[in-house]
Amino acid sequence: MKNIKFLIIGVLFGIILSKSEVVSWYRIYEMFKFQSFHMYGIIGSAVLISMVFMQLFKKGTIKNYWGEQITVKEKKKGTVRTLVGGTIFGLGWALAGSCPGPIFVLIGHQVFPILIVLLGAVLGAFLFGLLEKRLPK
Amino acid sequence: MELLTQPWAWYIAGPLIAIILLLMFYFGRNFGVSSNLETFCTISGAGKVSDYFKTDLKTKSWSLLFVAGIIIGGVISSYFLQGNHPIDLNPQTVQDLTDLGFSNTATSFIPPEIFSTEALFSLKGFLILIGAGMLIGFGSRYAGGCTSGHAITGLSSLQLPSLLAVIGFFIGGLVMTWILFPLIF
């Protein structure tokens, strides 16, 4: 059960996303309307502080649990993939008012219609897997 | 206790999310949620249809546990940490939503216009939920990540693909919110 720590990290993440209202459809709408700093503050400060961590990983100041250098997986390159894929994702993010993390948090909040969004998301991922070889990179 | 039932400000939540990222990397894993959607495909037997989904599920158990934890975090919040605070939205946002035909705005996390059982069992409501999900699933996998993998992990490690993906996230989100919402609702 060495993986149980990830369950605990997930619990903390679910609580953070709940308490900061990131799981609220309304907060996402407000963000895309540029009517509040809340979401920008959360994402922005998370990115800035993570940037510091990333530098410390690189320098070796922070090592992993086993005392090894921490490396970050490189994201797949490709302009079409990221821009078009990103735009498709953004359409869904705004409509459902939730991205993959919050979908799971809302299941915990017993918002059961979100299960249909999850079903759709799994179908979407499946569709992508089928088409993957034929899509422009 | 007061601190736990109050909504948390951005400057509390943002740094805490960074600490979640730190913990994931400390324990040897990447921070990201959307790859689990592919794992769910594998669990449902998608490997029989496409090699893309042929993966050893044992290598994904840590990530599935992370997702299970996220759900439990939601349960704990809803039972023990909910102060029944309405969402403190910008009054202009509330007005804009009223103009779109939304009522009782921000009394809970989600609008009943989209997430009630009534909406779920109407054709339009069902299509909105499943369609939004499909866009999220297809888009995040095509882009190679979602908010956690691209916006937070990718941007903070200065990766160009993530910057492009986040630009895409906003193009899509703005088109939906500003152009398509008045047509849909």
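Buried area is the accessible area, taken with a 1.4 Å probe, that two parts lose on being put together, summed over both. Keep that in mind as we look at this predicted model, in which chain A and chain B bury about 10,500 Å² between them. Carbon and sulfur atoms give 79% of that area.

Let's begin with chain A. Its secondary structure comes to six helices and zero strands, so if you walk from the N terminus, the elements simply read α-α-α-α-α-α. Along its principal axes, the C-alpha trace of chain A spans about 45 × 40 × 40 Å.

Now for the place where the two chains meet. Chain A puts 110 residues into the contact, and chain B puts in 129.

What about charge pairs across the interface? The rule finds one salt bridge between chain A and chain B, while the count over all chains comes to six. To find the two ends, look on chain B for helix H5 (residues 91–100), which carries Asp96(B). On chain A, Lys33(A) sits in the loop between helix H2 (25–32) and helix H3 (38–59).

Finally, let's stay inside chain B and look at a pair of helices. Two packed helices are described by the angle between their axes and the distance between the axes. Here the pair is helix H9 (residues 147–156) of chain B and helix H10 (residues 160–184) of chain B, which pack at an angle of about 130° with their axes 9 Å apart. Angles over 145 degrees would count as roughly antiparallel and those from 65 to 115 as roughly perpendicular, and H9(B) and H10(B) are therefore oblique to each other. H9(B) passes H10(B) in a left-handed crossing.

Which residues make the contact? From H9(B) come Thr147(B), His150(B), Ala151(B), Gly154(B) and Leu155(B). H10(B) answers with Pro161(B), Ser162(B), Leu163(B), Ala165(B), Val166(B) and Phe169(B). Sorted by class, the contact of H9(B) with H10(B) has seven nonpolar residues, four polar ones and no charged ones.

Notes
Residues are numbered from 1 along each chain as its sequence is written. Chains are lettered from A and ligands numbered from 1 in the order in which they are written. This is a predicted model: local features need pLDDT of at least 70, side-chain atom pairs count only at pLDDT 80 or more; totals for chains, interfaces and linings use all residues. Side-chain values use heavy atoms; hydrogens and water are left out. Axes are lines fitted to C-alpha atoms, for helices over the stretch in contact, and angles run from 0 to 180 degrees between N-to-C directions. Helices (H or I, at least four residues) and strands (E, at least two) are DSSP runs, numbered from the N terminus. Angles under 35 degrees count as roughly parallel, over 145 as roughly antiparallel, 65 to 115 as roughly perpendicular and the rest as oblique. A crossing is left-handed if the near helix is turned anticlockwise from the far one by less than a right angle, and right-handed if clockwise. Contact means heavy atoms within 4.5 Å. Ala, Val, Leu, Ile, Met, Phe, Trp, Tyr, Cys and Pro count as nonpolar, Asp, Glu, Lys and Arg as charged, and the others, Gly among them, as polar. A salt bridge is a side-chain nitrogen of Lys or Arg within 4 Å of a carboxyl oxygen of Asp or Glu.
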